[in-house]
Amino acid sequence: MRVLIATDAWRPQINGVVRSLERMFEAAPDFGVTAQMLTPEGFRQVGLPSYPDIRIALASQQQVARRIAEFGPDHIHIATEGPIGWLTRAVCLAQKRTFTTSYHTRFPQYVAARWPIPESWSYRFLRRFHAPAAGVMVSTATVEAELRDHGFEHILRWGRGVDLSLFHPRAASVLDLPRPIFLSVGRVAVEKNLEAFLSLRLPGSKVVVGDGPALADLKRAFPEAHFLGSREGEELAAIYASSDVFVFPSLTDTFGIVLLEAAASGLPVAAFPVQGPSDVFAGSNAAVLHEDLRQAALSALRLSREAGPELAARHSWQSSAEQFYGHIRRAAQGAATRPAPVQNVTAFASARGGEANGRARSPA
C-alpha cells in the first residue's frame, strides 16, 4: 500500500507533530506500507507571521497535484491545516479521493491567545477543513469530546508514543546547577504559557529547553532562568534525566509528547489539570495536577521516580503506528466498497458546495 502523508510541519521544525509523523514514516514498512511525505520542501517558502522560523509553502494546486501523481498513492493522509494541507485537500476533492486527516493543534485557543478572534470562528474554519475526511484522527478522549461538541464527525483515536531506548533514567547528571532543578521543554511561544512557570517562587533552578518567538523576551524578563535552546537526541534525554521535576504550564496542548519523554526519564511532572496532562496521567502517580502550579511543582518533588517509566512503558510508537495505519487501511477499504462516483462532476460538486468526496482513485 502506498500512503502519502501531507504536512506543513516538518524539519527543521522541532515539535510534537513532526516527531509523530517522523515515527509514522519510519514505521511504515512494518505495516506493509510505502510512505512518502509531502512537505514544504521543494516549494518556495515564506516565514509564518509571528513565527519566522516556521516556513510555509507558497505552492499551487497544480504543483501539489503533480507531486501526488508522481507518487501514485493508494491513500492520502492530511496532517495539518496549513497551505500544504488545504492544497492537498483541494486535489483530493477534485479527484474524488478518499482521505483522512488529523487534529494536532488547538488552533482556536492558540489564535485567541494572540489576537481577539472568537474561538467559534476558528472552529468553524477547522470544521470545514476536516468535514470531507473519511476520518479525523485525535490523540485523546478529551480532544475527541471537545471536537464532537463543536460539530466534528468521523473521529478516530490515534495515540502517541515515546522512545524508551532513548528516554530512560540515568545515573549521571549533565546539569551542574543548584537543586532542585525544575525543567520545561517545548516551543518557546506565548501559547505555551511559559511565563506561568518562570514567574513561580521555587527553590533551586529553572531550566527551559527549546526555541521560539518568545525566547528573547523571556530571557530579558527572567534572567535568573537557564535557557538552553533547542536540544535533541541523547543530549535532550540526559537533560530530562538530570532534572528533578518537569513543569508543563501549557493550557492548550492536545497531548504533549514531552510529558511522556519526561515520565520515561523518571521525572515527576507538575501541570495544570487540563486536557493533555489529565489524559496522559489519568490514574497515575507520576504527576501532580493542580490549579496552583507552584504547589504542584513542590509536591511533585515528593513523588517516586519509578512511576513515570511504568506509565511510559504503556505508550509505544509501535502501537501508535498500528492505530495510524489501521485507520488508513480501513478508510481505503471503505472507499473501495463504495459505489462509483457520480459522473457529472460539475453538477455533483455544485450540489455539495464544491466539496464533493467519493471513492479514492490513484492517478497512477
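Student: Is histidine 154 buried, partly exposed or exposed, and what is its relative accessible area?

Tutor: This is a predicted model, so every value here rests on that prediction. Histidine 154 is partly exposed, at a relative accessible area of 45%. Its place is the loop between H6 and S8. Histidine 154 is not a glycine, yet its phi is positive, about 55°. Most residues other than glycine have a negative phi, and most peptide bonds are trans.

Phenylalanine 152 is buried, with a relative accessible area of 4%. Its ring pairs with that of tyrosine 103. The geometry is edge-to-face: the centres are 6.4 Å apart and the planes make an angle of 65°. Tyrosine 103 is buried too, at a relative accessible area of 0%.

The structure holds nine of them. Phenylalanine 167 and tyrosine 240 make another edge-to-face pair, with 5.6 Å between centres and 80° between planes. This pair links distant parts of the chain, 73 residues apart: phenylalanine 167 is in the loop between S8 and strand S9 (181-185), and tyrosine 240 is in helix H9. Phenylalanine 167 and tyrosine 240 are both buried. Ring pairs also join Phe31, Trp158, Phe324 and Tyr325 into a cluster.

Tyrosine 240 leads on to the core. The largest nonpolar core has 55 residues, and those that touch the most other members are Leu183, Tyr240, Phe246, Phe281 and Tyr325. Helix H10 (residues 257-264) contributes the most, with seven residues. Take Leu183 as a probe. Leaving out residues up to four places away in sequence, leucine 183 touches Val207, Val209, Ile239, Tyr240, Ser243, Val245, Phe246, Val247 and Leu267. Apart from this core lies another, of 28 residues, including Leu4, Ile84, Phe99 and Val136.

Back to the backbone. Lysine 96 also has a positive phi of about 55°, and it is not a glycine. Lysine 96 lies in the loop between helix H3 (83-94) and S6. Lysine 96 is buried, at a relative accessible area of 7%, whereas histidine 154 is partly exposed. Serine 50 has a positive phi as well, near 70°, in the hairpin of S3 and S4, where two residues separate the strands. Strand S3 (residues 44-48) and strand S4 (residues 51-58) run antiparallel and pair over five bridges. Leucine 48 faces tyrosine 51 of S4.

Two peptide bonds also call for a check. The bond from arginine 179 to proline 180 is cis, with omega near 5°. Proline 180 lies in the loop between S8 and S9, which is also where phenylalanine 167 is found. The bond from arginine 11 to proline 12 is cis as well, with omega near 10°. Proline 12 is in the loop between S1 and H1. At the start of H1, a side-chain oxygen of asparagine 15 comes within 3.1 Å of the backbone nitrogen of valine 17.

Conventions
Residues are numbered from 1 along each chain as its sequence is written. Side-chain values use heavy atoms; hydrogens and water are left out. Two strands pair if DSSP finds at least two bridges between them. Helices (H or I, at least four residues) and strands (E, at least two) are DSSP runs, numbered from the N terminus. A nonpolar core is a set of buried Ala, Val, Leu, Ile, Met, Phe, Trp, Tyr and Cys residues joined through side-chain atoms within 4.5 Å. Buried means under 20% relative accessible area, exposed over 50%, partly exposed in between (1.4 Å probe, protein chains only). Contact means heavy atoms within 4.5 Å. A polar contact is a pair of N or O atoms within 3.5 Å; within protein, one must be able to donate a hydrogen and the other to accept it, and residues adjacent in sequence count only if both atoms are side-chain atoms. Rings of Phe, Tyr and Trp (its six-membered ring) pair if their centres lie within 6.5 Å; planes under 30 degrees apart count as stacked, over 60 as edge-to-face and the rest as tilted.
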